[in-house]
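Trainee: Before I rely on any description of this chain, I would like to hear what stands behind each term.
Mentor: Then let us look at it together and take the terms one at a time.

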Amino acid sequence: MTINLSIKNVPDAVADALRARAERNHRSLQGELMAILEHSVSGPASQGPTIAARTAAPRTVPAQNTPKLSIDEVAARAAKLFPKGTASSVNFIREMRDGRYGEEWANTGRHGTPD
C-alpha cells in the first residue's frame, strides 16, 4: 500500500534548491523527492534498483548550440554509417512472433493472440 506525504511551509530557498537538483538529475520534483527519501532509508544491503534509479533519465545532455540538421544531412550521415543499409525488420518480427506462438499458429494467417 502506498501513502501520500505532504511537507508544509517549505522555505523558498529549499524549494528552489530542490527544483534545481531535480533539473540537474533530469527528474520531476516529485521524482527527486522520492530519490532523496529512498536514499535516506536504504542501507547497503538493499536489494534491486530504487524507483528513482529506474526512472532517472540519462545524464548526458546535448549541447545547447548543437547545429540542427536537415533531413538530407541526416540521410547522408546514415548512408555513410550504414553503406549497405540495415536489415529489414520484417524477418525479425516474424521470428519473434513464430517463437512466441509457434510456426503452426503463424501459418494459419490469424491475427491476435492464439486461443
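**Reasoning from the surface to a helix**

Mentor: In this predicted model, the accessible surface of the chain comes to about 10500 Å², and 57% of that surface belongs to carbon and sulfur atoms.

Trainee: What makes a residue count as buried, and what share of the 115 residues is buried?
Mentor: A residue is called buried when its relative accessible area is under 20%, and buried residues make up 10% of the 115 residues in the chain.

Trainee: Which residues of α1 are buried, and why are they said to lie on the same side?
Mentor: The buried residues of α1 are Ala15, Leu18 and Ala22. They cover an arc of only 60 degrees around the axis, which puts them on the same side of α1. In general, an α-helix has 3.6 residues a turn, so residues three or four places apart point the same way.

Trainee: What do these buried residues pack against, and what is exposed on the other side?
Mentor: The buried residues of α1 pack against α2 (29-41), while Asp12, Ala13, Glu23 and Arg24 are exposed on the other side of α1.

Notes
Residues numbered from 1 in each chain as written. Predicted model: local features only at pLDDT ≥ 70, side-chain atom pairs only at ≥ 80, totals over all residues. Heavy atoms only, no water. Buried < 20%, exposed > 50% of the residue type's maximum accessible area, 1.4 Å probe, protein only. Areas by Shrake-Rupley, 256 points an atom, 1.4 Å probe, with all protein chains shown as cover. Helix = DSSP H or I, 4+ residues; strand = E, 2+ residues; numbered from the N terminus. Arc of directions from axis to C-beta. Contact = heavy atoms within 4.5 Å.
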